[in-house]
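Subject: Structure for you to look at

Hello,

Here is the structure I said I would pass on. Please open it first, then read the notes below it.

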Amino acid sequence: MIESGWVLMDKELVKEFWDEAACGEELLLPSFDLAGFAVQAAERYRLEPYIIPFAKFDGSTDRKVLEIGLGLGADHERFATAGASLSGIDLTPRAVEITGKRLALQSLDSDLRVGDAETLPYDANTFDLVYSWGVIHHSPNTGRAAQEILRVLKPGGEFRVMVYHTWSLVGLMLWVRYGLLRGRPWTGLSEIYSKWLESPGTKTYTKAEAAALFDGAIDLNCHVELTHGDLLESGAGQRHEGTALNIARQLWPRWLLRRVARPFGLFLLVGGSKGA
């Protein structure tokens, strides 16, 4: 049972969803070679430029780093290039396969494993940094995954995690489409996100709820980023297409939203440390 929300979530359904196309593979990865991976990385950091200052790749040299959720491996490549002592884990064999191929093309190393964020296969007090971008909100028990992050960190070790933010423009758009326009305006955001955002059971958090996931952490900080999804500046993922969406992209008041809607972005960036 998920720790909050309206529906039981089958982890196998989540695995099947992401194994079918690892985190935007069909949209972003033109080929499985150096040129294709370079194109994907350039587009990733163009669309989400806040990843680089948040992840602080260049500060990971000689640090023991774990990434939870590999996607297409762009962030993992950056940690490896920076000289981290690197490990990576993903629920799906597809993401592990793609990331392994990506690193091998550049003779980069990482201990890559298929595994579960809720039961990390590492000893306590192992890592200097645990990083995860948009992953643990897909797990049935996100709170358990967050506490696993703290368990495997060394005392004083850092975590940098992105989860989805409840009060977002993306959430409003999904509610209009799947709630209001279907004559169900009473449909709650937890149901909307769980059924329609990405993989089944996807969850979102307020700043207070995200902080509570990492109960016991120190130096906790949370901030929201307005995203390309909120601004309709990119493809809408694996699930959302259509004429209405294309029209909305033409009419969306991005200049105004950038000025007034920054607190209502989809990405909630959470950082902190494990106490001594």
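Val-260 counts as exposed because its relative accessibility is 52%; exposed means over 50% relative accessible area, buried means under 20%, and partly exposed lies in between (1.4 Å probe, protein chains only). The residue is found in helix α12 (residues 254-260). Helices (H or I, at least four residues) and strands (E, at least two) are DSSP runs, numbered from the N terminus. Together with Trp-255 and Leu-256, Val-260 forms a nonpolar patch on the surface, with about 330 Å² of accessible area together. Accessible areas come from the Shrake-Rupley method with a 1.4 Å probe, and for residues only the protein chains shown count as cover. A patch is made of residues with over 30% relative accessible area and no salt bridge, where like charges are joined within 9 Å and nonpolar side chains (Val, Leu, Ile, Met, Phe, Trp, Tyr) within 5 Å.

Two notes on the source. This is a predicted model, in which local features need pLDDT of at least 70 and side-chain atom pairs count only at pLDDT 80 or more, while totals for chains, interfaces and linings use all residues. Residues are numbered from 1 along each chain as its sequence is written, and side-chain values use heavy atoms, with hydrogens and water left out.

Next, the sheet. Seven strands form an open sheet with mixed pairing, in the order β3-β2-β1-β4-β5-β7-β6; two strands pair if DSSP finds at least two bridges between them. At the edges are β3 (111-114) and β6, each of which pairs on one side only. Direction ignored, neighbouring strands of this sheet are turned by 15 degrees against each other on average.

Is strand β7 (residues 267-274) buried or exposed? Eight of its eight residues are buried, so β7 is largely enclosed by the rest of the structure. Strand β5 (residues 153-164) is joined to β7 by seven bridges, and the two run antiparallel; here Val-163 stands opposite Leu-268. Strand β6 (residues 217-225) also has seven bridges to β7 and runs antiparallel to it, with Ile-218 opposite Ser-273. Between β4 and β5 there are six bridges, and these strands run parallel. Val-130 stands opposite Phe-159 in β5.

Gly-134 lies in the loop between β4 (127-133) and α7 (142-152). Its relative accessible area is 16%, so Gly-134 is buried.

Last, the charged pairs. Side chains of opposite charge can pair when their charged atoms come close. A search of the whole structure finds 13 salt bridges, each being a side-chain nitrogen of Lys or Arg within 4 Å of a carboxyl oxygen of Asp or Glu. Three of them are described here:

- Glu-97 with Arg-94: the closest N and O atoms are 3.4 Å apart. The two are separated by about one helical turn, because they are three residues apart in helix α6 (residues 93-104). Glu-97 is partly exposed at 42%, and so is Arg-94 at 23%.
- Arg-113 with Asp-111: the closest N and O atoms are 3.0 Å apart. Arg-113 is partly exposed at 31%, as is Asp-111 at 32%.
- Glu-158 with Arg-160: the closest N and O atoms are 3.2 Å apart. Glu-158 is partly exposed at 23%, whereas Arg-160 is buried at 7%.

Regards

Methods
Axes fitted to C-alpha atoms, helices over the stretch in contact; angles between N-to-C directions.
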